[in-house]
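Please open the model in a viewer and keep the selection panel at hand. The stops below go from a ligand to an annotated stretch of the chain.

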Amino acid sequence: MESTAARTAPAVIVAIDGPSGTGKSSTSKAVAAQLGLSYLDTGAQYRAITWWMVTNGIDVTDPAQIAAAAGKPEIVSGTDPSAPTITVDGTDVAGPIRTQEVTSKVSAVSAVPEVRARITELQRSIAAEAAQGIVVEGRDIGTTVLPDADLKIFLTASPEARAARRSGELKGADVNATREALIKRDAADSTRKTSPLAKADDAVEVDTSDLTLQQVIECVVTLVEEKRAAK
Ligand SMILES: Nc1ncnc2c1ncn2[C@@H]1O[C@H](COP(=O)(O)OP(=O)(O)OP(=O)(O)O)[C@@H](O)[C@H]1O
Ligand SMILES: Nc1ccn([C@H]2C[C@H](O)[C@@H](COP(=O)(O)O)O2)c(=O)n1
């Protein structure tokens, strides 16, 4: 629960990056809710633009087509950590952006520089408007989007731990297939030319493989409070 102290504390910008399934979304939402901060899921924005491309017949194997269309959809993110929202041209796409089709295509779409430029600009404007501060989670937040963030966290976990978590979410999913899909997406996200998934030099790395979600949340809350106290 947000305390009076949290409401009067200085605004703080927190960047949380890391590969898929390391706990970025769960941790970021909980930390933001506990500390009275806004929350932004940047992966949802890349998924939203991918959903729009697929829905509008753009060939996502053709970077030129993706680049030409990158400016067309209007993507709006709601930043309340207890009820984050995402719309494209006014349509709620929170469900459709989580389909296997979007997941399998999002790395190709998000690798296109015109897409990244558009979404990065949107992310920076949302962060700038967050009066109390914000937790922004993604792949390139600490390195590219918000290089001056007050606190940068890089979450990691073994592929086995991440696959087990994801398989638990997708009832009946094969753990090995899930593990291979995660590794493939991480490789694509880490090797693209424009702002790849990477740990910023000044990020605090937290290996969550053997930590409970609650332990990770407590660790990050402590780090944010230390930063706020020092401001
Ligand atoms: N430390 C943890 N221990 C056990 N389960 C966890 C832990 N952290 C997260 N989880 C669970 O793992 C799953 C994936 O977590 P989450 O969606 O937060 O990861 P993510 O890094 O945001 O993934 P993605 O980048 O693919 O969106 C969720 O079901 C979440 O509850
Ligand atoms: N800052 C970001 C956030 C996400 N992406 C891309 C790469 C991911 O595979 C994809 C989906 O992210 P998720 O919902 O799994 O967190 O979006 C990126 O390039 N940069």
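**Stop 1: ligand 2 and its polar contacts**

Select arginine 185 together with ligand 2: a polar atom in the side chain of arginine 185 is placed 2.8 Å from an oxygen atom of the ligand. This is a polar contact, that is, a pair of N or O atoms within 3.5 Å; within protein, one must be able to donate a hydrogen and the other to accept it, and residues adjacent in sequence count only if both atoms are side-chain atoms.

The model is predicted: local features need pLDDT of at least 70 and side-chain atom pairs count only at pLDDT 80 or more, while totals for chains, interfaces and linings use all residues. Residues are numbered from 1 along each chain as its sequence is written, chains are lettered from A and ligands numbered from 1 in the order in which they are written, and side-chain values use heavy atoms, with hydrogens and water left out.

**Stop 2: the shell**

Now select the residues with a heavy atom within 4 Å of ligand 2. There are 16 of them, and the closest are Arg47, Arg116, Asp140, Asp189 and Arg192. By class, eight are charged, five polar and three nonpolar; here Asp, Glu, Lys and Arg count as charged, Ala, Val, Leu, Ile, Met, Phe, Trp, Tyr, Cys and Pro as nonpolar, and the others, Gly among them, as polar. Which element gives the most to this shell? Helix 3 does, with four residues. Helices (H or I, at least four residues) and strands (E, at least two) are DSSP runs numbered from the N terminus.

**Stop 3: the annotated stretch**

Next, select Gly18 through to Ser26, among them Lys24, which an unreviewed UniProt entry annotates as "binding site"; such annotations may be inferred rather than shown by experiment.

Centre on glycine 18, in the loop between strand 1 (12-17) and helix 2 (24-35). Glycine 18 counts as buried because its relative accessibility is 0%; buried means under 20% relative accessible area (1.4 Å probe, protein chains only). Beyond four places in sequence, its contacts (heavy atoms within 4.5 Å) include Lys24, Arg139 and Phe154.

Finish at lysine 24, in helix 2. Lysine 24 is also buried, at 6%. A polar atom of its side chain lies 2.8 Å from the backbone oxygen of proline 19.

How values were computed. Buried means under 20% relative accessible area, exposed over 50%, partly exposed in between (1.4 Å probe, protein chains only).
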